[in-house]
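Dear colleague,

Please find below the structure that I am handing over to you, followed by an account of what was found in it.

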Amino acid sequence: MSRFYLTTPIYYVNDAPHVGSAYTTVNADALARWHRLAGDDVKFLTGTDEHGQKMADAAAKNGVSPKEWTDRTSERFRLAWDVLNISYDDFIRTTEPRHYETVQKFLSTIYDNGYIYKDVYKGLYCVSCEDYYTLEASDDGRCPIHHSVLTQMEEENWFFRLSAFQDRLLDYFEAHPGFVTPDTKYNEALSFIKGGLRDISITRTSISWGVPVPWDERHVFYVWYDALINYLSAIGYGRDDDEVEYWWPWSNHLIGKEILRFHTVWWPAMCMAAGLDPVHHVHVNGWLLIGGEKLGKTMAAEGAVKITDIEPIALSQEFGVDPLRYYLLRDTALGNDGEFSLEGIAARYNTDLANNLGNLVARVAAVVTSKCAGVGPAPRSDSSLREVADAVTADAARAWERFAPQRALEATWELIGATNAYLETHAPWKMEPGDALEAVMGDALEAIRLVAILISPAMPGVAEEIWRRLGLDASPSAVPFTTAVTWGQYPRGRHVTKGDSLFPRIQSEQ
Ligand code: MSP
């Protein structure tokens, strides 16, 4: 058994979650569920990033204190993730005492190690990104992501000596070619480091909403500096060394592509400065887009989309939790950008779920009910489906391991397709009851059993329901994957139930 510590970015609570934030979270959830299925000891962390200018502004705009605002909005994230069946083991908020304690210990260590000094910061700032820009990196004085005019800032700040880590980071990247995936993002981070690193400002005096700097009480830490450390707060850094030692070597961050530099340059350097190994692995996902632009709440505010069309809870009410999860996992490879649309969800729903998966389960249950007295027969060991099943389970497992849920599901649908084709060839609905019919149905039931296991990280609710309809015990998420996917384990004699349609078709006018 190995360990798997997986984190999502912690979400800004200036606004409620949208389907873009759900994209990262659902993918992380499916990966965490896969690792539990594979028998790993898993810790899956998500949470909310609650300090910074943006939050202070949002609270002021709504006439409440930052604390009240962040309490309220953080709860909306928790609620959305509960609705989407996100199996997080811990939910961290950066306003919690445990986080303050870790941040202050971690940064004091860096300070004591001589990597922090005082200087004056002068430059441009984007409040939406909570990030500094040089004039060259800006879009003529505007933010390249949010297109808003950047604020000119001048403050006395504490600085982190990032420049001291250039060679150590280059060595680290060279020694760990799998540190950042996909490769394109590894290369992007590497060329950023090769381009030269400037020291960075890590504290602010113009706002007070943040973690206080222990050695200078007029300052709070700049929000990114406290945020990154959440990954250590949740495993007890500064409080429980054994826990850090248990999880940190197995740590994986899933992040969006716009926060690559923070996680693959700053963060490893900070860890090095504190005398800690950097995170083990960072996987970078792309964006969900609408009309080629990064999907976000501002689109709704500007009237470009209806708010309910991008809200995860509203979407899950419209399409179902598991179909929404399936769409997010299957439509866009984790690493690429993908265009998001309601038509896209409906198309995946009708084709992959209703026509392929739903139809397979329904027709097998119908034949077993009408021709086998509702009792499932056993599969054959030499079924022609076995070869496909063996190849698909191996392929899907490899894909899950390399952070590729989209590929894992594509492979799973090859087994669904092969089983539907197998039924077309044998046409059991035309066969007389007897051994030949039972053999075909046993093979199909076994294939469906495997499909239920394979889809369980993506669609846990649907997987459970299929499992129940097959008359199987326990849960498809609770089996040990490697032994459970050996062909031939569907037991004869289980009661198979038909049930309602798993995925009633969506009509186009809906
Ligand atoms: N608070 C920081 C992260 C700190 S981690 C130490 C932050 N928050 S965020 O709320 O703006 O974004 C969180 C994550 O959501 C990012 O990984 C971002 O890429 C992801 N997404 C937000 N909109 C998205 C899309 N439209 N598509 C895909 N992911 C998107 O950054």
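To begin with the ligand, one of its nitrogen atoms is 2.8 Å from a polar backbone atom of I10, and a nitrogen atom of the ligand is likewise 2.8 Å from a polar backbone atom of L288. A polar side-chain atom of E258 lies 3.0 Å from an oxygen atom of the ligand. A polar contact here is a pair of N or O atoms within 3.5 Å. On its own the ligand has 660 Å² of accessible area, of which the protein covers 94% (Shrake-Rupley method, 1.4 Å probe).

Please note that this is a predicted model, in which local features need pLDDT of at least 70, side-chain atom pairs count only at pLDDT 80 or more, and totals for chains, interfaces and linings use all residues. Residues are numbered from 1 along each chain as its sequence is written, and side-chain values use heavy atoms, with hydrogens and water left out.

Helices (H or I, at least four residues) and strands (E, at least two) are DSSP runs, numbered from the N terminus.

Helix 1 is mostly covered, with 18 of its 19 residues buried (under 20% relative accessible area, 1.4 Å probe, protein chains only). Its end C-alpha atoms are 26 Å apart, which agrees with the 27 Å that 19 residues should span at 1.5 Å a residue (the expected span is 1.5 Å times one less than the number of residues). G39, which follows helix 1, has a positive phi near 95°.

Strand 1 (residues 3-7) has four of its five residues buried, so it is largely enclosed by the rest of the structure. It pairs in the parallel sense with strand 3 (residues 41-49) over five bridges, and with strand 12 over three bridges, again in the parallel sense; pairing requires at least two bridges found by DSSP. Y5 has K43 as its bridge partner in strand 3 and stands opposite S251 in strand 12.

Separately, an open sheet of four strands has the order 6-5-7-9, with antiparallel pairing. Its edge strands, strand 6 (131-133) and strand 9 (200-201), each pair on one side only.

Conventions
A polar contact is a pair of N or O atoms within 3.5 Å; within protein, one must be able to donate a hydrogen and the other to accept it, and residues adjacent in sequence count only if both atoms are side-chain atoms. Buried means under 20% relative accessible area, exposed over 50%, partly exposed in between (1.4 Å probe, protein chains only).
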